[in-house]
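Open the model in your viewer and show the whole chain.

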Amino acid sequence: PDRNVILYGHREMNSAWRLVLAGNDAIDVRRGRVRVGWREEVAPDLAVLFCAPRAGSPSALVAVVAGTDLPGLRLTDQLPIFVSGVGYPDWCVLSSAMLTAGPAGIRGAGYFDEDWSMGSTAESAWRP
């Protein structure tokens, strides 16, 4: 329980989601949509990356690599996740437009509060 894990897939396709992210509702990824805090984005081509505390552990983290559907999941294949020197914020939502438009394909990104919530001191930015 005190080991970091990487979770691939959204809540409906990976049954481990409920086990390792129990009690964490800051971000929810399902087929066709993602909710980050109060904001919901609906699209089949979104890739979502975030980290969160692992349920049942005082020190372990869960890194989530998810997509809202097959185009979003395929987009995660193109992201430099396991490359030295690449940095990501606590969470980011990307659309497949990234492949042709670059940074214009970033839908939103940000950081959690110190307690891993989307409270008043969490910083985030969304593309209009």
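Accessible areas are calculated by the Shrake-Rupley method with a 1.4 Å probe, and for residues only the protein chains shown count as cover. Display the surface of the protein: the accessible area is about 7100 Å², and 53% of that belongs to carbon and sulfur atoms.

This is a predicted model, in which local features need pLDDT of at least 70 and side-chain atom pairs count only at pLDDT 80 or more, while totals for chains, interfaces and linings use all residues. Residues are numbered from 1 along each chain as its sequence is written, and side-chain values use heavy atoms, leaving out hydrogens and water.

Next, switch to the cartoon view. The protein has 3 helices and 9 strands, where helices (H or I, at least four residues) and strands (E, at least two) are DSSP runs numbered from the N terminus. Along the sequence the pattern reads β-α-β-β-β-β-β-α-β-α-β-β.

Colour by burial. Of the 128 residues, 41% are buried, meaning under 20% relative accessible area with a 1.4 Å probe, protein chains only.

Now select residues 27–30, 33–36 and 39–42. Which order do the strands of this open sheet have? The order is β2-β3-β4, with antiparallel pairing; two strands pair if DSSP finds at least two bridges between them. The edge strands, β2 (27–30) and β4 (39–42), each pair on one side only.

Zoom in on β2 and β3 (residues 33–36), which run antiparallel and are joined by 4 bridges. Finally, select V29 and find V34 of β3 opposite.

Terms used: Buried means under 20% relative accessible area, exposed over 50%, partly exposed in between (1.4 Å probe, protein chains only).
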